[in-house]
Structure formats: C-alpha cells, structure tokens
Amino acid sequence: MCIRQLFQSSQLQRAWKAAFLKHSQRRHHGARRWTHSGSGTYRAVIFDMGGVLIPSPGRVASEWEVQNQIPSGTILKAFISGGENGPWMKFMRAEITTEDFLQAFGRLCSEISRTSVPVDSFFSLLTSERVAKQFPVMTEAITQIRARGLQTAVLSNNFYLPDGKSFLPLDRKQFDVVVESCLEGVCKPDPRIYKLCLERLGLQPSESIFLDDLGQNLKAAASLGIHTIKVNDPETAVKELETLLGFMLRKVVPNTRPVRRTMEIPKDSLEKYLRDLLGTQTTGPLELLQFDHGQSNPTYYVKLANHQLVLRKKPPGTLLPSAHAIEREFRVMKALANAGVPVPKVLDLCEDSRVIGTPFYLMEYCPGVIYKDPSLPGLEPSQRRAIYTAMNRVLCNIHSVDVKAAGLEDYGKHGDYIPRQVQTWIKQYRASETSAIPAMERLIEWLPLHLPRQQRTTVVHGDFRLDNLLFHPEKNEVLAVLDWELSTLGDPLADVAYSCLAHYLPSGFPIQPGLSDCNLTDLGIPTVEEYFRMYCLHMGIPPTENWNFYLAFSFFRIAAILQGVYKRSLTGQASSATAEQSGKLTEFMSNLAWDFAVKEGFRVFKEMPATKPLTRSHHTWARPQSLLRPPGTRSYVTLTDSSPAHATRGALVISPEGLSPPVRELYQRLKHFMERHVYPAEPELRSHQASAERWTPSPLVEDLKEKARAEGLWNLFLPVEADPEKKYGAGLTNVEYAHLCELMGTSLYAPEIFNCSAPDTGNMELLVRYGTEEQKARWLIPLLEGKARSCFAMTEPQVASSDATNIESSIREEDGFYVINGHKWWITGILDPRCQLCVFMGKTDPHAPRHQQQSVLLVPMDTPGIKIIRPLTVYGLEDAPGGHGEVLFEQVRVPKENMVLGPGRGFEIAQGRLGPGRIHHCMRLIGYSEQALALMKARVKSRVAFGKPLVEQGTLLADIAQSRVEIEQARLLVLKAAHLMDVAGSKAAALDIAMIKMVAPSMAYRVIDRAIQAFGAAGLSSDYPLAQFSAWARALRFADGPDEVHRAAVAKMELKHRV
C-alpha cells in the first residue's frame, strides 16, 4: 500500500498526526487554509507544536532510521498501529507510562522491521535539546503578536517524560494558555480540546487563528469556527499569518539581531559622520542592528532616513598582524565591481578610529537571501543544483578576472601562494595557541613538506562558501559575493577546495552545518567530485592530482581561524555569540585536515615507481642490511635521506633491530632485565598465586618493581602524543612501544613489574589527557609512582556492555555532590588492597543524545556505599591479587570536582582512554604466542613418543609452521595499526584497530592451544604459563569488545570505503 492510500483512512491520519510525522506529506510553496465564513478582529493565535513551532519529529524519525540502518517507515507504521487504542495514542493521553510505552513501541517496531530496533535511542533523540528547538521565525512572530496585544496559545498532542515532566520544549512565558494532551487526557482532533483552549483564552472561535500542519486537525478547528492556516513550512506560514493579521511578524532585515553588548559602537559620532557623508538633513533616528554571521569582522545594518547601508569594521582590541584588513576588502570590491564580479557597491572607507573606535567601511545594503544551511532545506532538488551551479560559476568568474586590467596586479605577491599561506597560518595559530593539539603539530610539520606547484595566479576570495553569497530572492542568481577580508592573489584551487568543506562536516556542526551525513543524490546537490569537475570544465583546466593536499590545507586554515576566534572570545573581542564554541572545534577541524594529509600521502606512495627510492618518512621500505647481520633476522624500517640514524618517529619498524639507537638500547635493557630477573622469578610468583596469601601483593613483585624503576624501565606505555614533553613516561611512539610491549607479554608478571599493566595504563592515560591539575596531583602521581592501583567500572550484568551506551548505572547531582547508584561486574583490579581509585562510568542524562548521556567520575575506593559482592573467576583462575569483582554502588557520594571533563563526556573519554591503550593487549598477545611457541619447540625436542622424538612427528611440525606463520601475520597487522596511530591518529586507524582485535586473540588462542597439545596434560597445569595464557587469550575476545562487534565494524568500513 502506498503512503497516500494509507493516509486516506481518517483513523490513520489521526494517529499520523499524533506521531508528529509531518514532513512526509507533500510540501507546497504556498500555504493552504481551511476556510470558514465570517469576519471580525482576531484576538489570539493558537499554535500546534511539532512541525509548527519545532521541527517535525517525522524528519527525525526518517533520518534516525537511515543512521541506525532501520527499514524506512518502521517508526511511522508503529505509530499508527492500533489507531486510537495503539500505544502511541495511549501514551499521549497519559494512559500508559513511558516505560510501558517504550516496551510496547519497541515490540511493534521490531515486529514491523523484523530486526531489533533501539527505540530508547529514537525517543532520546526526539526529546533532545538538539532536535527540539523552536524555529527563530516563529519565536519572532510570537514576540510581535504579543507586542500588538494579542494572546497566544499552544495546543499540543504531547506526552510525559520519564522524569514526570511533560514534553514541551518551549518557553511557556511566550503563551497565555498552554493546553497539553497528556495533562487533559484528550488529543486533537477531538473537538473538546479546542473548546478547552478557547475557554481558557476567553474567546469565541471566530476571534482566533489556529496553525497546524495536518488537514484533519484543521478541519476540526474550522468546523468550530476557528480560522486556520496549514503549515507546510514555517516561513510561508508566517507570511500568511501576516496577511491575516495585517502587520509584520518577521524581521525586515533578515539575519540580524540587536547589537551584542561587547560589539556596541557610538551611535552619535557615527550618525554625524553619515550625515556629512550622505548630505542628508533628515532628523529621523539612526537604526543599528548586527548581522548574525561573521565571526571575524563585525558587520552591522545601518538605516538613516531612506538610506540602508552595511557597515563592516575591525573588531576591538589588540589584533594579530595583517588580520582583519578591511582596507583591502574595500579596495578589492571596488575594483571587482568594475570587472563584472557581483559585489556590493562600496561607498566610503573611514580609517579614522576616532569615529567608532576602529576603521570601517560602508556599502549599500542589498536585499537578498543568504543560505546558511548548505542542505538548502525547503527547496526542490533542481533548485539546489542550480544554486550550487551558480556558486561554482561565480567562483569561475572571480578566478577569470584580469588582475592587471582591474588594477589589482599589486594586490598580492605572484607565485608561492600556498607556501606563504602555510607559513602565515602557522604563525597565526602559534600566536593564538592556548594548548597543544597533536593533529595541528603533525600538520605544521607535514604541510611544508608536501607543497603543490602553483599553476596559475588569480584573485582568490579566501573565504568562498555558500553563506558568503547573497542570492536573488526569486532567481537562482548570485547578487553579491560578501566577506573579502582574506582575499589576495594566489592559487585558485585553494578557493575551490575551501568551498567544498561543508561536504565533510556533519549537519549538526555547531558553527557551520554540513553535508557529510546527507544523501546528496536525493537532495540534488553535487558531490565534491562533481563540483570540482564542473569548475575544471568551465575553466578549461585538467583536474589536479593533489586535491587532498588542498583540502588538508583548507581544514588546517579553518582550525587556525577558529583558534584565533576562540582566543579573542576569552577577552570578549570575538564578534559572534558562537565564538566561544570554536575552542572545542579547533581539534575537530585539525583531525579532518590530518585525514586528508594521510590520504595525500597514500596517493603519492601508490603512484611512486617501484625503482624510485622514497625520500619522506611517511612510507615503508626495506633496505639492505649489513653483511655481518645474522641470517634470518628482520629489519625493515622507514628512513629519510637526511636521517640515516634510523630515526623511528612516524616510521613502521617491524623488527627490534630497526628501532632508533636510543629505543633499541632501551629494548636491550628490557630484554636483559627479563632474562636476569623476571623469568627466573616466575616459579615463585606462580606459587604465590596459589598460596593462602595470594590476595596480598607479592613482596617479590614489589622488589622487582623497585629494580625496574631504578633501571629506567618504568611507565614505558604513555605515547608521545599524549605526553610530548615526557613529563610522565618514556615518550615512545606506538610502534616503538609495540616491540617493548611484545617482549613484556612473554611473561604474565612483567607488565605490572614495569608499571605497564591494565587497567592502570588506561586510567593513567585518561588522567594525562583529560584530568585537571588537582586530579592529576591526587591520582595520577601515585599511579605513576606505583604506590597505588586502580580499576575501571563500566561493564554491567543487566545489559549488553559491548555497547557502552547501554550502561544503566546512574549519576545524579545532589547538594553539591554526585550520587552514584549501580551494579557493575568484571571490574579488574578492584580486589587489590592497593586499589585506591575507581574510574566509574554512568549516566547523568538518559534523555541526552545517545553518546552524550554518560559521564566519568573519579571515585575513591574508601567512599561509603561501595560493596564488593564476590570475586569472579576466569576458567577457575582468580587472577589474584587484583582479581575481577562484582560490585554494588549504593548512594555513593562523590565531590563534584571529581567529574572528568564535565557531564556528558563519558563516551568521548572512554574512546580516548582506549586510544593507544586499545592495542596494548594485542601487542602482549604476540608475546604470549611467541613464548608459547618457544616452550612448544623446546618440549618437542626433548620428548620421545612411539620410538622417535616428537619433533619428527609430522603433525607437530605442521603445527609449529602454522603457528609461526600466524604470529608473523598478526604481528605485521598490529604494527601497521600502531604505525597508522602514530602518523594519522586513532580515528584514521579505526579499521586496522578493529582488525587486530579480531585477529590477535584468536591467533594467540590457537597458537597456545597447539603448545598445550604438544605438552600433553602438563600444559594444563600451573607448572607452565600455558593454561593462564590460554585463559587470558580467550577472555580478551570479550575484554576488548566481542569478536562480533569488531567483525561488524570491519565489514561496515569495508563496504563504506572500498565499494
């Protein structure tokens, strides 16, 4: 049955309305109204909520289904199921609880889609602040209506939230009357709810106007005598409401607001200047508004008499060198206007700071449309494509200007634009830097080494994007290109790449909405590739090969700009209210830039001839070794022409012999310590683990820890990107530490002896990355010194904890504290008497977006309310003294300063905690496997069966060969993942990390099992480490996430990136 046929049932229409699924109906450019005969003065406007005042949850549902791979239409079908007696209608009449509704609704969705549907996630998104925001045009309309003395009301079908409050994400002060279905027990289109609203307004039906977006609700209202407006889109509906009311409800000047307090300018001196300039004697007041957009140079709408102007000025305060050059903006726009480029008409440049405090210039105000959202909501696909085509053509227009004829030959230097820009933005970033950002540091090193050769020199805009274009209100035509602050002479491809950045940003990006999660084909918007081809075709040039470099540079520049905006926001100089957010976004942008840098590096690598030696340190090659090197040893290392000393920073080194001399020396010291101290101590340590004193730390381990620390073999795990100054650790790369970690993995006891054991390593890295100075002083230092142990409490018995967002333990704020309640298990290390810190993950806001519900608290283990229920065993092994515990947290009160980063950052922290630490287990598993194989080889050489040594048995020989092959394969994959983390970061290495988590535990389990088989029953005993190796290898198929999760992740990335 098609959707239109489905909706012919009035009962289904009513349920559809109840579901707020409004956008699915066909949109019209003109609003439609159910008419009612009669006349009279209107005294009130009544608004529906969903689809009128806030976005339609129908759009949320469809987008959510796509993002969560749920069959399209599942939510709709579940909403209409059962009609008036369905769970949704009962929920909105408050006849069932939220919990009962979600259970019933979840069952319906699962039955409809024949798959598991996480309805909790949809419900959280539907009710989140990010989604349920009131349309600004409606907010302004309500303000104007009330200013004229009319009443306003909201009449909504809604429901109760789990906290007992009704879902009404609106400022109630906007309305004289609020009528909610869940409070009244009756829903639209039941006439009783309309009559109730009118009764509370004290009005007759003909004195009110009702806005809704579904016909059946409007028909019911019209049948009572209420005037109605059908809302297909808020802007059009407000226009029709203006016609009915007879006065304006929208801002006359779009995209403006009252001037921000920190951006105020002296109106008296400006008015005097304008009267002298314009020669007007009109006595009318000067009107001044500030444009919403623009975070660099404040921009104002100015009206004096019949003159409408735009004023653009430098921001106040001390500015960076060469920044905010409005004088250049004035010059270039004046020149380009004569060259046929659509720009505003400039009137005057005032460089006298005494007038308004800074230099400024004036231009004529040009009415038009600025599209802030690159997805162009409300337009048809053909219109969207036409707008992007017009954008592309005007960029070609700019790049085709004859700079000499336009008088702009000296507007910038000719040639070497990208090298100068790279250095300029590096300096700008350094001048604005407030903290170290690893990706920015990598880019600052990488960009100068990969500069493209400039082919042409043209006028470049420098900030060319959709929301810097003013379009004709009725035609898909660019009226003016705005914001020329960053213009100069340079490489035009920089403009082209920059204009494509929105394609790589998410739609919810706070400063600039993007398109990365949109279906461009359905929208009619050209892809980046199509847009670039369009540009090249019109300009008559071939596509560039190093396109990824231009994208990397563009994102780097944006990151530097955002950092500057953020630093100015700290002193109140930035001109946009969203400036303070930019500090959090610099790192996001720099990571995107680095993603493209990595892609460019791989492109160069793939295109290099096999006979050409590599000259940069980003690629791997094998070089001939000394003839004195023992046969059979491996040494493959990345080298540079200028670095013959085996510098391994950012290099893929697949054998210890290829490490740089300092790290190789560290490896040898570690190996010597293992042979001299650790291996000989293993029998005594195994005996201690089986003794009555096993829950007390072994004095021998403590003694060995002191020896290791004295020899500088301590805290080797902290990666250099987390600790660039080596304040806390050895400053090794992930590849370098991988070789040392494998060596430590040959003994079950070695990681603790060198203070490199889980979960302390992850918790220490968490504190280094995210902890405050106070948190570091209290918790990090004792952990680094080996004086304390810790645990990480995330896994819960009642939910599938492979999905971290499932956790149910609660964290609520109460009287200046956070109060924890929850049930956790498999908490490694919590039984250790030295365990002083529990890093606890729980939910602070179950209604926030799915990945913003969790928070992380640092909980002292001596806090009242922590109750260890029992120790848990792995195949009967207790893993004393740390063990694995099942724990109850009951009314555990923790000071607010123990929150890490802030509420809602838990998932982010958990992911960061699993950064380099997420591959340590895989590194150690290689060590387990090597030790198991070594024991197996020694065993088969010394035992005889059926008249000949085991080593001569064919099946055992095959097992040894298979084990060697599997170890080598897994090691290479682990080292590749470590290498990618070094050069590109954890995000870029996500696929490889998932693969090694699939491969390493299973490989180790098989290799160890073959060794146990060769040992016979002895392999199962505690006389050898094989049984424990086997148990932990099997356990790690859960501990680092189930195999199934990693397989699914690999498959999704494979399908996404390689089809």
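**Sheets, helix packing and cysteines in the predicted model**

Thr 256 has Phe 291 in strand E7 as its bridge partner. The structure is a predicted model, in which local features need pLDDT of at least 70 and side-chain atom pairs count only at pLDDT 80 or more, while totals for chains, interfaces and linings use all residues. Residues are numbered from 1 along each chain as its sequence is written, and side-chain values use heavy atoms, with hydrogens and water left out. Helices (H or I, at least four residues) and strands (E, at least two) are DSSP runs numbered from the N terminus. Two strands are said to pair if DSSP finds at least two bridges between them.

Strand E6 and strand E7 (residues 287–291) are paired in the antiparallel sense over 2 bridges. They belong to an open sheet of 6 strands with antiparallel pairing, in the order E6-E7-E8-E9-E11-E10. At the edges stand E6 (256–257) and E10 (346–350); each has a single partner strand, so one side of each is left without a neighbour in the sheet. Helix H13 (residues 267–278) lies across E7, E8 (299–304), E9 (307–313), E10 and E11 (360–364), and runs at about 55° to E11. Helix H14 (residues 326–338) also packs on the sheet, where it touches E9, E10 and E11, and its direction makes about 155° with that of E10. Contact here means heavy atoms within 4.5 Å. Axes are lines fitted to C-alpha atoms, for helices over the stretch in contact, and angles run from 0 to 180 degrees between N-to-C directions.

An open sheet of 5 strands shows parallel pairing and the order E3-E2-E1-E4-E5. Its edge strands, E3 (177–180) and E5 (227–230), each pair on one side only. From one strand to the next, the twist averages 20°. Strands E1 (residues 44–47) and E2 (residues 151–156) share 4 bridges in the parallel sense, with Ile 46 opposite Ala 153 in E2. Helix H10 (residues 191–201) packs on this sheet and touches E1, E2, E3 and E4 (208–212); the direction of H10 makes about 160° with that of E3.

Two helix pairs were examined. The axes of H23 (residues 661–689) and H24 (residues 699–710) come within 11 Å and cross at roughly 170°. H23 and H24 are therefore roughly antiparallel to each other (angles over 145 degrees; under 35 counts as roughly parallel, 65 to 115 as roughly perpendicular and the rest as oblique). Residues of H23 that meet H24 include Phe 673, His 677 and Leu 685, and their counterparts in H24 include Leu 700, Val 701 and Leu 704. The axes of H25 (residues 734–744) and H31 (residues 954–984) come within 8 Å and cross at roughly 145°.

The whole structure contains 0 disulfides (pairs of cysteine sulfur atoms within 2.5 Å). The sulfur of Cys 791 lies 3.7 Å from the closest cysteine sulfur, that of Cys 838, which is too far for a bond. Cys 791 is buried, at 0% relative accessibility, and Cys 197 is buried with a relative accessible area of 0% (buried means under 20%, exposed over 50% and partly exposed in between, with a 1.4 Å probe and protein chains only).
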